[in-house]
Amino acid sequence: AARARVHGGNEYEAGGERDPRSLIIKANVGVIYYFGRQYDHAIEELQKVVAEKPEFAVAHWGLGLCYEQKGIYEEALAQFERAATLTRRGTNALASLGHAYGRAGRKREAQKVLEELKQRSGQRNIEYQIALVYVGLGRKEQALDWLKKAYEKRSTLLTYLKMDPRFDPLRDHPHFQELLRRMNFPE
């Protein structure tokens, strides 16, 4: 049966057919479905990658994203914890874990992740990820402050800002709208 595909999905799926061993292409299909808010399709694609290579961190991270958006927090946390372990507590997996802890009401764990990320802030440009954890904690003003810092440091992760569902709680905020305008995103 045919199913709707998000913009860009066709190219990635074609790439996966040309090189069926390319796990990153297969995982990116799932992540594209995630950004298109087609979570069930994303889960289906990402589960195939995990079945093929259980230690592939990107697939666990993507599954965590989808389960979180579906409100299945325990499964989301399990996937993010697996991704964080596989990446040796990599910044993106760790920030996603912190965000999900906050959304799941596990504020203490989210705060611990936030502190761990802040300890790294002098070493890397991780303002976007810190903002993400603040969003998960429901602390909008702090999240916006850190997004402003990410903008000032020209964080490339800001390219995801307009489409990442995790930032939905900020979308109506005037400072968020102003940031999007300053970034010159197309309508």
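Two rings of Phe, Tyr or Trp make an aromatic pair if their centres lie within 6.5 Å. With that in hand, here are some close-up views of this predicted model.

**View 1. Aromatic pairs across the structure.** Searching the whole structure turns up four aromatic pairs. One of them brings together F35 and Y160, whose ring centres are 5.5 Å apart. Their planes meet at 20°, so this pair counts as stacked, the cut-off being under 30 degrees.

**View 2. Where F35 and Y160 come from.** F35 belongs to helix α2, which covers residues 23-35. Y160 sits in the loop between α9 (140-152) and α10 (174-182). The pair therefore ties together parts that are 125 residues apart in sequence. Is F35 buried or exposed? With a relative accessibility of 15%, F35 counts as buried, while Y160 is partly exposed at 35%.

**View 3. A cluster of rings.** Y34, F35, Y39 and Y160 are linked by ring pairs into a cluster.

**View 4. Charges over rings.** Which residue lies over the face of W146? It is K149, at 3.9 Å from the ring centre. Another view shows Y151, with the charged end of R154 over its ring, 5.6 Å from the centre.

**View 5. Confidence along the chain.** The protein has a mean pLDDT of 89, and 88% of its residues reach 70 or more. Take care with residues 1-18, where pLDDT stays under 50. For this stretch, the model has 26 contacts beyond four places in sequence.

Conventions:
Residues numbered from 1 in each chain as written. Predicted model: local features only at pLDDT ≥ 70, side-chain atom pairs only at ≥ 80, totals over all residues. Heavy atoms only, no water. Phe/Tyr/Trp six-rings, centres within 6.5 Å; stacked < 30°, edge-to-face > 60°. Helix = DSSP H or I, 4+ residues; strand = E, 2+ residues; numbered from the N terminus. Buried < 20%, exposed > 50% of the residue type's maximum accessible area, 1.4 Å probe, protein only. Lys NZ or Arg CZ within 6 Å of the ring centre and 35° of its normal. pLDDT = per-residue confidence, 0-100. Contact = heavy atoms within 4.5 Å.
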